[in-house]
Amino acid sequence: MSQQLTPEYLINLGQQFGTPLYVYHAEKIREQYQRLTTAFQGSNTVFFYACKALTNINILKYVCGLGANVDCSSINEVRLALHAGFPKERILYTSNGIAFDEIAEAKDLGVIINIDSLSNLEKFGNKYGHSYPVGIRLRPNIMAGGNLKISTGHDKSKFGIPVDQADQILQLVDKYNLHIADLHIHTGSEIKDVDVFVKGIEILFDLIPKFKELKFIDLGGGFKVPYKEGDAETNISLLAKTVADAFANHPNPGGRPLQVWFEPGKFLVSECGYFITKVNVLKDTAAATFVSVDSGFNHLIRPMFYDAYHRIENISNPNGTPKRYSVVGNICETDTFAWDRTINEVREGDYLVFYNAGAYGFEMSSNFNSRYKPAEVLVSGGQAHLIRRRDRFEDLLRNQIEL
Ligand SMILES: *Cc1c(COP(=O)(O)O)cnc(C)c1O
């Protein structure tokens, strides 16, 4: 049965911890992880949680306890993962556009590294030669993903080394006797079409025979989750079968089976998250009835940044007459969560909950307008734990140097 927190329980949490409030449901993360491992059972596949989606240390510890690996996008995420207890062998640092110092630091920490430029690959070869295995992040020149901001694999994207530069990669591998252990592609986020992954595999299979020490193929993340009723979702079972078939059609050159990696971020933590806000003001105008909540894009930027749709429910008035509203924030800039949305009648003081708020919610929050970042609560085993206190006034001045 699918894990879901009830509206009554969420109201309780809103009252107990105050709003705005992020709530994460641990067992939902486990359920999502098990959906993956069940679908890929027996197929030598490993999942690295792309932790930039949600890095609260307690979430990292929980994911570590599930047995998943972790994928990091900065050296600080690597440090957080180590702090959370992930052993270095289960930490992957997929870099993009970083200074070589950070790659050297990741090497010193002993984690797995994917390099995404010829320049850093050359520096790596120059310094370490064959002594440390490394992966290559390739740009497959495939257009995929929910929108341009989250599409990373197309032929105008900054990410990875373009596959059309494979010759230059091979020259470097040859020159420095590099030990290439994995090839990586990540085409983007919100990929519902499993054929995109197959296209990626097809492209990699042209290259695989050229890397004699290859052990892993890393197909990145980007599984789509439903944000509203009827939304498409990546069919995980179909993906498992399609990937297995693609590999069966391409026998490995060296006879060694390759392990397949995925890097799901949103898939693991989106649905576990609830963002609870309270209605400050109702404003009736000719154009719309505005509902202003005690939050804004400083706390949940996805609607303004990606035109993302988050389901919004008035949990204080579940039987109220449905009406149309514009749900807005309190930031001094256009700050709309939903433009013309049917919601059960809203009154000032009601709690509105935003669903699917676990991924890229708190993580992309800021102190814009000198507002506090929200608190975070983890519900686990039926217990609610505060895992980050709300900012306080001192936090706004912390690190500032008053002259
Ligand atoms: C962001 C990212 C992911 C995860 O993307 P989701 O859409 O959250 O699954 C995976 N791999 C890399 C390299 C990323 O940058």
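Me: Helices (H or I, at least four residues) and strands (E, at least two) are DSSP runs, numbered from the N terminus. Which helix is Ile-59 in?

Reply: Ile-59 is in helix α3. Keep in mind that this is a predicted model, where local features need pLDDT of at least 70, side-chain atom pairs need 80 or more, and totals for chains, interfaces and linings use all residues. Residues are numbered from 1 along each chain as its sequence is written, and side-chain values use heavy atoms, without hydrogens or water.

Me: Is Ile-59 buried or exposed, and why?

Reply: Ile-59 is buried because its relative accessible area is 0%. Buried means under 20%, exposed means over 50%, and partly exposed is in between (1.4 Å probe, protein chains only).

Me: What does Ile-59 touch, leaving aside neighbours within four places in sequence?

Reply: Its contacts (heavy atoms within 4.5 Å) are Tyr-24, Ile-29, Tyr-49, Leu-54, Val-269 and Leu-378. Take Tyr-24. Along the chain, Tyr-24 and Ile-59 are 35 residues apart. In space, their C-alpha atoms are 8.7 Å apart.

Me: New topic. Which strand has His-25?

Reply: His-25 lies in β1, residues 21–25. His-25 is buried because its relative accessible area is 6%.

Me: What kind of peptide bond runs from Thr-19 to Pro-20?

Reply: That bond is cis, with omega near -5°. Pro-20 sits in the loop between α1 (7–17) and β1.

Me: Let's move to α2. Why is Lys-28 called buried?

Reply: Because the relative accessible area of Lys-28 is 4%. Lys-28 is in helix α2.

Me: Which side chain does Lys-28 make a polar contact with?

Reply: The side chain of Lys-28 pairs with that of Glu-31, at 2.9 Å. A polar contact is a pair of N or O atoms within 3.5 Å; within protein, one must be able to donate a hydrogen and the other to accept it, and residues adjacent in sequence count only if both atoms are side-chain atoms. Not counting residues up to four places away, Lys-28 also touches Ser-2, Gln-3, Glu-271 and Cys-272.

Me: What about Arg-35: where does it lie?

Reply: Arg-35 is in helix α2 as well. Arg-35 counts as partly exposed because its relative accessibility is 31%.

Me: Which residues does Arg-35 touch, beyond those up to four places away?

Reply: Glu-233, Ile-236 and Phe-267. The side chains of Arg-35 and Glu-233 are joined by a polar contact of 3.2 Å. Ile-236 is 201 residues from Arg-35 along the chain, yet their C-alpha atoms are 7.8 Å apart.

Me: Switching to the ligand. Which of the 15 residues around the ligand come nearest?

Reply: Lys-52, Ser-189, Glu-263, Lys-266 and Tyr-360. A residue is near a molecule or strand if one of its heavy atoms lies within 4 Å of it.

Me: How far is a ligand oxygen from an N or O atom in the side chain of Lys-52?

Reply: The distance is 2.8 Å. Backbone atoms come in too. A ligand oxygen is 2.9 Å from a polar backbone atom of Gly-222. For a polar backbone atom of Gly-265, the distance is 3.0 Å.

Me: Back to helices. Which residues of α4 are buried?

Reply: Helix α4 covers residues 75–84, and its buried residues are Ile-75, Glu-77, Val-78, Ala-81 and Ala-84. An α-helix has 3.6 residues a turn, so residues three or four places apart point the same way.

Me: What covers the buried residues of α4?

Reply: The cover includes α3 (57–66), β3 (69–72), β4 (91–94) and α5 (100–109).

Me: And which residue follows α4?

Reply: Gly-85 does, with a positive phi near 110°.

Me: What about the phi of Asn-369?

Reply: Asn-369 has a positive phi of about 70°, and it is not a glycine. Its loop runs between β16 (351–354) and β17 (375–380). At 30% relative accessibility, Asn-369 is partly exposed.
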